[in-house]
Amino acid sequence: MQIRFTKMQGAGNDFVVLDETQGRLGLSSAQYRYLANRHFGVGADQILTVRPAPAEGVDFEYVIHNADGGEVEQCGNGARCFARYVHDKGLTDKRVIRVHTLAGVIAPELHADGRVTVDMGAPQQDPAKVPFITEGLQPQMQGNAQKWPLALDGAAQTATVWVAPVSMGNPHAVQVVEDVDRALVEAQGPLIEHHARFPQRVNAGFMQIINRAEVKLRVYERGAGETLACGTGACAAVVAGIGWGLLDARVDVHTRGGLLTIEWAGGAQDRVRMTGPAEFVFEGQIDIPETL
């Protein structure tokens, strides 16, 4: 089975983009894993699929599969690449594009300098809706928001970390660390991702506060491992930091792959805006085995 693809990246978070506007490819989870494999396939953190609008009032449908082949609700860096792709490929001439995702409708906006701003919607901080199971736990208040104890018990360590559960259409657990470069991302990331209190698994964010308008961030992503950047993770981290009273309403987030700027007014209904790069890497075609 031969398919055409485009490789893109946003702040180092890399994607394979597939065009299904003229018909479905019908790929299996195993075939998505093959595409994402960095040894046998193209290599990517996520596979992004462009589909026709499923309803009036939107321009496209945006489907995301993680490197493990599982479909997920949202990907912020991918949303910027999605918008750049459909515009530069001539699939639309709009600069603001309404896109349907599993998490709802988003509206990426393309700028003349090549960057893209995405309205990521309002964050969800109700633990039950993240979802995060709080039974038997006692939270602490910091600023206007809670933080919750999460007991980790694995071969590498036994520890309790304090996290903010935040959903940006997909679930995140954000913690503050003193030095992000020395944070126990590889040790704690898998334990947090698969923790029983997160029934849909979770993205684990490790945030270092530089000042009220600047942070450093690493994210261990659900189904992908640590990536160079995570757009929804950056949004969730800033939401947590603002809620805790540590950050202002506009924050530059330094990831290992590049800079993202996150804006949030701080209210439960206020929408998070993310601005960052979206760039083409290369295009090609690949033969995918029919059965894997």
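## A buried aromatic pair

Phe132 is buried, with a relative accessible area of 3%, where buried means under 20% relative accessible area, exposed over 50% and partly exposed in between, using a 1.4 Å probe and protein chains only. The model is predicted, so that local features need pLDDT of at least 70 and side-chain atom pairs count only at pLDDT 80 or more, while totals for chains, interfaces and linings use all residues. Residues are numbered from 1 along each chain as its sequence is written, and side-chain values use heavy atoms, with hydrogens and water left out.

Six aromatic pairs are found in a search of the whole structure; rings of Phe, Tyr and Trp (its six-membered ring) pair if their centres lie within 6.5 Å, and planes under 30 degrees apart count as stacked, over 60 as edge-to-face and the rest as tilted. The rings of Phe132 and Trp148 have centres 6.0 Å apart and planes at 70°, so this pair is edge-to-face. Because Phe132 lies in the loop between strand E8 (116-119) and strand E9 (140-142), and Trp148 in strand E10 (residues 145-153), the pair ties together parts that are 16 residues apart in sequence. Helices (H or I, at least four residues) and strands (E, at least two) are DSSP runs, numbered from the N terminus. Trp148 is also buried, with a relative accessible area of 7%.

## Two nonpolar cores

A nonpolar core is a set of buried Ala, Val, Leu, Ile, Met, Phe, Trp, Tyr and Cys residues joined through side-chain atoms within 4.5 Å. The largest one has 53 residues, and those with the most contacts inside it are Tyr62, Val253, Ile262 and Val272. Helix H4 (residues 231-243) gives the most to this core, with eight residues. A second, separate core of 19 residues includes Trp148, Ala173, Ile192 and Tyr220.

Tyr62 also forms one aromatic cluster with Phe60 and Phe82.

Glu193 lies in helix H3 (residues 185-193) and is buried, with a relative accessible area of 5%. The side chain of Glu193 makes a polar contact with the side chain of Arg201 at 2.8 Å; such a contact is a pair of N or O atoms within 3.5 Å, where, within protein, one must be able to donate a hydrogen and the other to accept it, and residues adjacent in sequence count only if both atoms are side-chain atoms.

Arg115, found in the loop between strand E7 (104-110) and E8, counts as partly exposed at 37% relative accessibility.
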